[in-house]
Amino acid sequence: MPVDTPPLCLVWGPAGHGVTDYGSDVAAAAHRLDPAVRAAAVTDLSAVLTAVAPDEPVHLHATDRLLGASLEDAADAVETLSRACRLTLTLHDLPQPSDGTKYDRRVAAYRRFFAAADAVAVNSEHERLLVSEHLGDDLRPEVIPLGTRLARAPEPGPADAPDRPGASADLIVLIAGFVYPGKGHEPALRAATTAVNALRASGRPVGEAVVRALGAASPGHEGDVATLERLAADLGGRFEITGFLDDAEFARRLREPGIPVAAHEHVSASRSMLDWIEAGRRPLVVRSRYSDEMDGLRPGTTVLFDPAELTGRLAEAWENPASTRLAPGHPLRPDLADVAGSYLNWWRGMSR
């Protein structure tokens, strides 16, 4: 096989999983730039081993939860695959102390991922620092940021005109994706109800405080929905959850009236932030090392806030809903074509 042959891109996991879908998107974008790039969809290690040829270059977007029933199984799978091909990885969901009781096991598994692969990429400088801080400062992953599907913010559709405050207009917070602890639903409920009380005290005609989750409960966290519903009732607001949404409905709901918020407490890299801006939204995003980096990468696409500022930011957004929408044509790059070009250059550099 020629040394400059691009790798086979494995798309491992179920459609609908963020890492699987993103790996598929990158592979398709790379194929558009270089038709020699191929992709293979696989669901388990036996299918992977069937798809690859001995000594073939192979690339995989990976997170431990996709690769095995346990962290140790996931590391075993990567080591088995690395013996069958020339493997490069993009690692997602890097270990950090918020992993709690799984932290030490996640660190051990991700160290094994690094040791097995010929080279590793991550999706942000923040993640490169997580690698240095938690896996070893001798490790040097490539940094290739997540790419948007659109190069520019879209033109608004007929359903996208933002609501204007009026008689009894609710203050609606929209949070995209699965419901699980640390995603930001609880602080959003507390801030939204406090904002409504402040607006009422100043004579504004505000209705209820509503936090709406655009997605389903993460497996094993169904009880958290009932907890959030009780908390909302105790605070004088309302918590709603849409349940699972297919891609078209999810995209439509991202554009509906409301204040988009991304308040992940322990983000590694965030596809949901890109979902918002691709829908033409300008979300409120909790300040972190990662969100600061993304604000520098795509200026003007988010509004950063410190946790203590959320109440005021929600009140401001309720009074000025247009602030939650991006101007049509606002630049969103780097997009998938940019990212695919970076991958091709990285792979070609290794072949030299």
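**Strand S1 and the sheet around it**

Let me begin with strand S1, where Leu 8, Leu 10 and Trp 12 point one way while Cys 9 and Val 11 point the other way, and all of them are buried, buried being under 20% relative accessible area, exposed over 50% and partly exposed in between, with a 1.4 Å probe and protein chains only. In a regular strand, side chains alternate between the two faces of the sheet. What we are looking at is a predicted model, in which local features need pLDDT of at least 70 and side-chain atom pairs count only at pLDDT 80 or more, whereas totals for chains, interfaces and linings use all residues. Residues are numbered from 1 along each chain as its sequence is written, and side-chain values use heavy atoms, with hydrogens and water left out.

S1 covers residues 8–12; strands (E, at least two residues) and helices (H or I, at least four) are DSSP runs numbered from the N terminus. S1 pairs in the parallel sense with strand S2, residues 38–42, over five bridges, where pairing requires that DSSP finds at least two bridges between the two strands. Between S1 and S2 the chain passes through helix H1, residues 18–33, in a β-α-β crossover that is right-handed, which means that, with the strands pointing away from the viewer, the path from the first strand over the helix to the second runs clockwise. S1 also runs parallel to strand S3, residues 57–62, to which three bridges join it. Leu 8 stands opposite Arg 38 in S2 and opposite Val 58 in S3.

Now to the whole sheet, which is open and has six strands in the order S2-S1-S3-S4-S5-S6, with parallel pairing. S2 and S6 (142–143) stand at the edges with a single partner strand each, so one side of each is left without a neighbour in the sheet. Helix H4, residues 71–84, packs on the sheet and touches S1, S3 and S4 (86–91), its direction making about 145° with that of S4; contact means heavy atoms within 4.5 Å, and axes are lines fitted to C-alpha atoms, for helices over the stretch in contact, with angles from 0 to 180 degrees between N-to-C directions.
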